[in-house]
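Work through the following exercises with the sequence and the model open. Each task is followed by a solution in steps.

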Amino acid sequence: MALHDARPPFAAIGGTVPPEFAALPTPCYLLDEAALTRNAEILGGLAQRTGCRVLLAQKAFSNYDLYPLLAPHLAGTEASGLLEARLGAEEMPAKEVHVFCAAYRADEMDELLRYADHIVFNSPAQLAKFGAKVKAAGKSVGLRVNPECSTQEGHAIYDPCAPGSRLGTTRAQWDAALAKQPGLAALLDGLHFHTLCEQDADALAVTLDAVEEKFGDLLPGLKWLNFGGGHHITRPGYDLAALEACIARMQEKYGVQVYLEPGEAWALNAGYLVTTVLDTLQNGDTSLAVLDMSAACHTPDVIEMPYRPPLLDAGEPGEKPCTVRLGGPTCLAGDVVGDYSFDAPLAEGDRLIFGDMAIYTTCKNNTFNGMPLPPIWALAEDGTCRELVRFGYNDFKMRLGHRA
Ligand SMILES: Cc1ncc(COP(=O)(O)O)c(C=O)c1O
């Protein structure tokens, strides 16, 4: 009898391959509606119990066909700039639109103001440049602060509090700016910080101490405090009670509306990437398989961040009898997903299912080497699969030249 893979990324499909998957084209992203709904219910419940408002950070998940599943549970969307702000305004109508960008362009500000409710600036200079205009448009103005409190080690690429970071205003930067322009503080409706990455509420509590220590004097009189993203709220074992205590602490002490803007948590463990083995090779001691998906093109975080995606029924290298290095069909030597072990050797035509593939995938993929973009499908609660969108030659070509 086949053992079921009990890991959380495969919980929504019962740790096994549903028969409906056999008909999917590969490679193919598959978004799991039941898992998305469960995540949304957890986040919506948090908002209801605490009075905080939870936004969807669209940089992690922006498959708007499925926004209707999330909409009843969220207060709005968070955008990284004009295009995401427009997407949020159009596809999540009647909800709040918040924007944080490390630097705004003057030529986009008027259009941005049509979509945005909250605009968060990264620096005092940007606040000085645009703050009055944003306020005059009736929008809420915020500043992203850098509490200079790293709660993660060894991952400078994820850490906005790393020395020399460009993200967020330090206390020293704020004091220097205020000495020159004392009117800046009056522009502020709220503060924002984003310092966490896939972390639990204990790291948030430590961060809040640092925020209070560095910026606590600014909080009384402000309307809101945005705790940013990186809260892994929907992962099994996350300490929800500690998060709720953090929210209550700031709301009660300062009278601010707390916002959270997680991305991952909305779509954590709520998607798959189904791929087929195109070829198998042996190079010395190394067994290899070339897949029809590319890490560099279809799961770029595997290369950039880097991380190792979970693969259904596969183990760590050496854990099962056959260890195979899985790579993509592109020219890039480093287009490798990782080394995984299996009960039996892989063969051409085998299907593999990567888990936790709804986040930072479809919104980051690319067509390097002319790799086609995989179609995006949805898995409904009743187990049926349907295609949301497919891509072809024009989606590759249109970004490269004229469209005559
Ligand atoms: C400003 C901001 N908000 C929210 C997020 C979402 O973070 P996550 O997807 O880790 O929850 C990010 C991620 O980088 C971010 O930079």
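**Exercise 1. An exposed loop residue**

Task: Decide whether A94 is buried or exposed, and say where A94 lies.

Solution. Step 1: A94 is exposed, because 7 other C-beta atoms lie within 10 Å. The cut-offs are as follows: a residue is buried if 20 or more other C-beta atoms lie within 10 Å of its own, exposed if 12 or fewer, and partly exposed in between, with C-beta atoms placed from the backbone. Step 2: A94 is in the loop between α3 (82-91) and β4 (96-100). Helices (H or I, at least four residues) and strands (E, at least two) are DSSP runs, numbered from the N terminus. Step 3: the C-alpha atoms of A94 and V206 are 35 Å apart in space, and the two residues are 112 residues apart in sequence.

Two notes apply to every exercise. Residues are numbered from 1 along each chain as its sequence is written. The model is predicted: local features need pLDDT of at least 70, side-chain atom pairs count only at pLDDT 80 or more, and totals for chains, interfaces and linings use all residues.

**Exercise 2. The chain as a whole**

Task: State how many helices and strands are in the chain, and why the chain counts as compact.

Solution. Step 1: the chain has 12 helices and 16 strands. Step 2: its radius of gyration is 23 Å, close to the 22 Å that the globule rule gives for 404 residues, so the chain is as compact as a globular protein of that length. The radius is taken over C-alpha atoms, and the rule is 2.2 Å times the number of residues to the power 0.38. Step 3: along the principal axes, the C-alpha atoms fill a box of roughly 70 × 55 × 45 Å. Step 4: of the 404 residues, 41% are buried. Step 5: among contacts with a separation of 6 or more, 68% come from residues 24 or more positions apart. A contact here requires C-beta atoms, placed from the backbone, to lie within 7 Å.

**Exercise 3. The barrel**

Task: Which strands form the closed barrel, and with what pairing?

Solution. Step 1: the closed barrel has 8 strands in the order β2-β3-β4-β5-β6-β7-β8-β9, with parallel pairing. Two strands pair if DSSP finds at least two bridges between them. Step 2: from one strand to the next, the twist averages 25 degrees. For such angles, axes are lines fitted to C-alpha atoms, for helices over the stretch in contact, and angles run from 0 to 180 degrees between N-to-C directions. Step 3: take β5 (residues 118-121) and β6 (residues 140-144) as a pair; they run parallel and are joined by 4 bridges. I119 stands opposite V141 in β6.

**Exercise 4. Backbone exceptions**

Solution. Step 1: most residues other than glycine have a negative phi, and most peptide bonds are trans. Step 2: T26 and P27 are joined by a cis peptide bond with omega about -5 degrees; P27 is in the segment before β1 (28-32). Step 3: D313 has a positive phi near 65 degrees and sits in the loop between α11 (301-304) and β12. With 19 C-beta neighbours inside 10 Å, D313 is partly exposed. Step 4: D356 has a positive phi near 55 degrees and sits in the loop between β14 (351-355) and β15 (376-379). D356 is buried, because 23 other C-beta atoms lie within 10 Å.

**Exercise 5. The ligand shell**

Task: How many residues surround the ligand, and of which classes are they?

Solution. Step 1: 15 residues surround the ligand, and the closest are A57, A60, H194, G229 and G263. A residue is counted if its C-beta atom, placed from the backbone, lies within 6 Å of the molecule. Step 2: the shell has 6 nonpolar, 5 polar and 4 charged residues. Ala, Val, Leu, Ile, Met, Phe, Trp, Tyr, Cys and Pro count as nonpolar, Asp, Glu, Lys and Arg as charged, and the others, Gly among them, as polar.

Terms used:
Contact = placed C-beta atoms within 7 Å.
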